[in-house]
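Please keep the structure in view while reading.

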Amino acid sequence: MSKGTQVICGKYVLINPYTYVKDACVEFDTKIKDVKPCENLRDTGESLVITHGLASTHTHLGLYPVRSTLGYGLRLDDWVNTFVWPWERFLLSNPDASYAAALVAIAEMLSSGITLFADMHFNEERVLNAVLRTGIKADLSVAVMSGGVFQDFNESLEANRELVNRVRKLGLPELVKARFGPCTPRLLNPSEFAEVVSTARKEGVGVHAHLAEVPEDEEYLRKKWGLSLREFVEYVGLGDGVDTLVAHAIWVQNLTELLAERGIKVSHAPRSNTLLRDGLAPITTLLDAGVNVSLGIDVAPTYSIIDDVAFMIGLHYNGGSRALNAEDALWMASVAGYRALGFGTGELVRGEPADIVVWELTDILPESRVSHVVTSLVMGDAIVRRVIINGREVFRDGSLTGIRSEELMLYRSKLASYLEAFLTS
Ligand SMILES: [Zn+2]
């Protein structure tokens, strides 16, 4: 074995959610070198399962402190007006709160096996600092809008341009990337939205937008601009020579083929969609049409992707055209997310980045079926013991390796004081 090679072994190594090797070891440095069966594996009494890292393709880490307000039963616009706008204005005058929120949110994400996330918000340079501090992978964008929390459209576009330049200068594309974030059709006029998309195209980076989260998007486009949603997507150029990720895609009845044709990736946010009563995204229809559908936490009462995976399986049993099984769901939360963000195939195969999660199943496993392993994982019957990103351990047994637990506690209490200051202001 060459110098710098590490080895992790487990009862099951999942190459991807459908393929596993039993009693096996993964050899890696910064990349996966080999996965092979190991006959004389020492029985430690632990049921360790090794998987590729997971991805959340749509988050707003700055909203972490107000995440529980998702449980108040408000519809999207009421929730945004009551909690989001006021908190975001507070964040803009207290950017350190975005750093604290991002650190604490990342700690929770890592503890659920997330190794990569796509964030769209403000103060993204602070989120970038938290990314570099913790060693998680990220794809960052600014929520570009006409005014809103910014003075005007140009100020928000400029903030996004600065972020793209900063990330480019950093020169760590295997760890962090940036793209443009035209926020949502109702917060930009179509020509501004198109300008953001064409800027991304010129800069050679992708876009990340909200699309068809609520029926009001299309109603508004028709009334105000005389455009159907499909005409809007064509007019602004989403997916037209520009790598495009859209969050939600719930009200897309007439858009499925266009999304598939243009390779537009969809991030599905099951808990956020349900708690805000946005509607039921036609996930199985999109998957059947060949659309890449990954999972996003968006804003939810916890920032654990496993909570979304488990919730999604139940959700689509209820209302989808067919059920999603545990393997499909884990695929969306890992392979699809990695591919959507261009960070590799999302599988534990030779040459891929060594993004590895070691889980301990909390239940005794029947030996015969790997399905039980995947089901246990996605239903939350496992705890994350170790997280490795590009070969470097970033999380072990409840703690981040880059930040001491005492310091993280300090950031948690800082967040509580920020929230207190916000609520009393
Ligand atoms: Zn969102």
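## A salt bridge within one helix

In this predicted model, Glu158 and Arg161 are joined by a salt bridge, and their closest N and O atoms are 3.4 Å apart. Both residues belong to helix 4, which covers residues 153–170. Glu158 and Arg161 are three residues apart there, a separation of about one helical turn.

How accessible are the two partners? Glu158 has a relative accessible area of 38%, which makes Glu158 partly exposed. Arg161 is also partly exposed, with a value of 27%.

## Further salt bridges

The structure holds 25 salt bridges by the rule applied here. One of them links Lys265 to Asp243, with the closest N and O atoms 2.6 Å apart. Lys265 is part of strand 12, whereas Asp243 is in the loop between helix 7 (229–236) and strand 11, so this pair ties together parts of the chain that are 22 residues apart in sequence. Is Lys265 buried or exposed? Lys265 counts as buried, because its relative accessibility of 17% falls under the 20% limit for that class. Asp243, by contrast, is partly exposed, with a relative accessible area of 31%. Through shared partners, salt bridges join Asp243 and Lys265 with Asp139 and Arg179 in one network.

Another salt bridge brings together the side chains of Arg126 and Glu125, at a distance of 3.6 Å from N to O. Arg126 is partly exposed, with a relative accessible area of 23%. Glu125 falls in the partly exposed class as well, at 27%.

## A sheet of four strands

Strand 12, which contains Lys265, belongs to an open sheet of four strands. The order of the strands is 10-11-12-13, and their pairing is parallel. Which strands stand at the edges? Strand 10 (207–211) and strand 13 (293–295) do, and each has a single partner strand, so one side of each is left without a neighbour in the sheet. From one strand to the next, the twist averages 30°.

The partner of strand 10 is strand 11, residues 244–248, and five bridges connect the two in the parallel sense. Within this part of the sheet, His208 stands opposite Leu245 of strand 11. Helix 12, made up of residues 326–341, lies across strand 11, strand 12 (265–268) and strand 13. The helix runs at about 105° to strand 13.

## The cavity and the strands beside it

Rolling a probe the size of a water molecule over the atoms shows where empty space is left. How many cavities of 30 Å³ or more does a search of the whole structure find? The search finds one. The largest cavity contains about 60 Å³ of space. Its lining includes Leu14, Ile15, Thr51, His52, Leu330 and Ser334. Strand 1 (6–16), strand 4 (48–52) and helix 12 each contribute at least two residues to this lining.

Strand 4 is mostly covered, with five of its five residues buried. Two bridges pair strand 4 with strand 1 in the parallel sense, and Val13 stands opposite Ile50 of strand 4. Strand 4 is also joined to strand 14, residues 356–361, by five bridges, and these two strands run antiparallel. Here the bridge partner of Leu48 is Glu360 in strand 14.

## The largest pocket

The volume of the largest pocket is about 490 Å³. Of its 29 lining residues, those closest to the centre of the pocket are Leu76, Val80, Cys183, Thr184 and Leu187.

Which element gives the most to the lining of this pocket? Helix 1 does, with eight residues. This helix spans residues 76–93, and both helix 1 and strand 6 (114–121) supply at least two residues of the lining.

Notes. Residues numbered from 1 in each chain as written. Predicted model: local features only at pLDDT ≥ 70, side-chain atom pairs only at ≥ 80, totals over all residues. Heavy atoms only, no water. Pairing = 2+ DSSP bridges. Axes fitted to C-alpha atoms, helices over the stretch in contact; angles between N-to-C directions. Contact = heavy atoms within 4.5 Å. Salt bridge = Lys/Arg side-chain N within 4 Å of Asp/Glu carboxyl O. Buried < 20%, exposed > 50% of the residue type's maximum accessible area, 1.4 Å probe, protein only. 1 Å grid on protein atoms, 1.4 Å probe; cavity = no way out; pocket = protein on both sides within 12 Å on 5 of 7 lines; lining within 4 Å. Points joined across faces, edges and corners; volume = space filled by probe spheres on them.
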